[in-house]
Amino acid sequence: MPEQLPPETATLLDRVERLARDVLVPLRDDADLDPAERADRVRAASKEAGIYAMAQPAEFGGGATLLALTVVRDTLGAHNVCHLPGIFGPSPGVLGGVGEPLRSRYLIPLLAGEKRAAFAFTEPDDAKRATWGVLDGDVLTVNGQKSYVTGGASADFINVLVEVEEHGPAMVVVDREAPGVRIRRTFGSVDGSHHAYMEFRDVRLPAAHIVGEPGRGLPRAMRQIGDTRLALAAESVGLCRWVVDFVTDHILSPHRSGAPLGLREGVRLRYADMRIRAYAARSMVYRTARLGDAGENIVNEGIAAKVFATETVGEIVDIGIQLVGGGALRSGHPLEALYRRVRALRLAEGASDVLRLNLARGRLDLAKGRI
C-alpha cells in the first residue's frame, strides 16, 4: 500500500492528484473536444507535471522506480483517466538497450514521439506454424502471420517475434511499409482499441534488424510483457477505487424509495465485498512493486497481481452496476463504458487461465518461482 512513501514519491503523488483532478478529468469530460486535440493537451499537461517520461530510460529523463510508476497509475485509475492517450510517453519496449543502427533509426524517434511502434507476438488461431525467418549472411527473410497487433495499422514499424531457423526466437524490427508486409484486416475490440492481422511474405530485412542475439528473443519479449502486466494491475486497482467511490456516492444519495440504498443490509454486504476485494488487490500490487524495486525476480508475483487485479476490477464494476441499477447499462454511463474497458484486461498480456497455468508449471514442473 502507499503508506510510508519516500518523500519524493509522496510529492509525486500530490502532483499526480492535482494533474488528474484539475486537468485530466475536465479534458475527459469535454465531449466537444476533438480527440487529437485532447491527446495533445493531455501530453502537454503530463510533460509539465513531470509524468510523461517516467516509463522511459533514465538517459531520456525517465528511470522511475516500480513503486513510483505504481503510485502514478493507481492515482490516475482512481480518477478514471488512466486510459487517456498521451499521459505516458512511449517506453522502449523490446528496443531497450539496443545499439546502432536500431538506436538512431527506431529507438530515439520512438521515444521522441516521432515514430510509432507496435508489438506482434500472437499467431492467429489458423496459423500452420509460428512466424519464421531464414538468415542468409546479412539478410533475414521473414514469413508468417500475426494477429492482435494493437495499433499495427497506424504504426511506423512493428517489433515481431520471429523463429529464426537454426538460431531460435528473435525480436525483429519490421517497417510497416516494407515490401511483403500486408495488413490482411483490421478490427476493433470491446474496449475501443484497434488491432491488425498482419502477413509477412518474403520480407527481406538487414540482419541488423534483429534485436539483440538471435535465440534470445522470447526473454526480451517476455520482459516487455511482464512490465505491462504490472502496469495493468496498478491501473486496475486505481479503477477499483474509482468504482467504490462512485457507488458510495450513489448509495448515500436519496433513493426514490425515500431512504438511501446504503441503509439496506443486502446493499451493505455487496458494498463491503467491493471494499475488501479492492484492498486485497491494491495490497498485492504495491507489494509486488516494492519487491521488484528491491531487486527480486517478480515474474510470479507480477502474474498473480495481474490476474487478481484485472479479475477484481471486473467483479467490482459488475457489483457496482448491480447496485446502481439499470441506468448504469445505458450507453455512455461511466460504469457501462468502464465495464467494456476492463473486460479486455483479463486477456491482455496473457489470458488469466494461461497465466494460472504458467504459475503452476513454474513451481510444479520447473521447481522455480515463489509467491
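Student: Where does histidine 195 sit?
Tutor: In this predicted model, histidine 195 is part of strand S7.

Student: And is histidine 195 buried or exposed?
Tutor: Buried. Its relative accessibility is 7%, and buried means under 20%, so histidine 195 qualifies.

Student: What does the side chain of histidine 195 pair up with in a polar contact?
Tutor: With the side chain of serine 189, at 3.0 Å.

Student: Which residues does histidine 195 touch, leaving out those up to four places away in sequence?
Tutor: There's a stretch from Tyr148, Val149, Thr150 and Gly151, and another with Arg185, Thr186, Phe187, Gly188 and Ser189.

Student: How many residues lie between S6 and S7?
Tutor: Five, and the two strands form a hairpin. In the turn, glycine 192 has a positive phi of about 95°.

Student: Switching topic: where is serine 46?
Tutor: Serine 46 belongs to helix H2. With a relative accessibility of 1%, serine 46 counts as buried.

Student: What does serine 46 touch, again not counting residues up to four places away?
Tutor: Leu19, Ile51, Tyr52, Gly86 and Ile87.

Student: How far is serine 46 from glutamine 4 in space?
Tutor: 25 Å, C-alpha to C-alpha, with 42 residues separating the two in sequence.

Student: Back to H2 as a whole. What span should its 15 residues have, and what are its ends doing?
Tutor: H2 covers residues 35-49, and at 1.5 Å a residue it should span 21 Å. The end C-alpha atoms are 21 Å apart, so the two agree.

Student: Which residues of H2 are buried?
Tutor: Arg38, Ala39, Val42, Ala45, Ser46 and Ala49. They cover an arc of only 135° around the axis, so they lie on the same side of H2.

Student: Why would residues three or four places apart point the same way?
Tutor: Because an α-helix has 3.6 residues a turn.

Student: What covers the buried residues of H2?
Tutor: Helix H1, residues 7-29, is included in that cover.

Student: What caps the N-terminal end of H2?
Tutor: Aspartate 34 does. One of its side-chain oxygens lies 3.0 Å from the backbone nitrogen of alanine 36. Past the helix comes glycine 50, with a positive phi near 80°.

Student: What about H7, how many of its residues are buried?
Tutor: 20 of its 26, so H7 is mostly covered. H7 takes in residues 299-324 and reaches 37 Å from first C-alpha to last, close to the 38 Å expected at 1.5 Å a residue.

Student: Which residue comes just after H7?
Tutor: Glycine 325, which takes a positive phi of about 100°.

Student: Zooming out, how many helices and strands does the chain have?
Tutor: Nine helices and eight strands. The radius of gyration is 22 Å, close to the 21 Å from the globule rule for 371 residues, so the chain is as compact as a globular protein of that length.

Student: What size of box do the C-alpha atoms fill?
Tutor: Roughly 80 × 50 × 45 Å along the principal axes. Of the 371 residues, 44% count as buried.

Student: And what share of the contacts join residues at least 24 apart in sequence?
Tutor: 68%, among contacts between residues at least 6 apart in sequence.

Conventions: Residues numbered from 1 in each chain as written. Predicted model: local features only at pLDDT ≥ 70, side-chain atom pairs only at ≥ 80, totals over all residues. Heavy atoms only, no water. Pairing = 2+ DSSP bridges. Helix = DSSP H or I, 4+ residues; strand = E, 2+ residues; numbered from the N terminus. Expected span 1.5 Å × (residues − 1). Buried < 20%, exposed > 50% of the residue type's maximum accessible area, 1.4 Å probe, protein only. Arc of directions from axis to C-beta. Contact = heavy atoms within 4.5 Å. Polar contact = N/O pair within 3.5 Å; in protein donor to acceptor, adjacent residues only side chain to side chain. Rg over C-alpha atoms; globule rule 2.2 N^0.38 Å.
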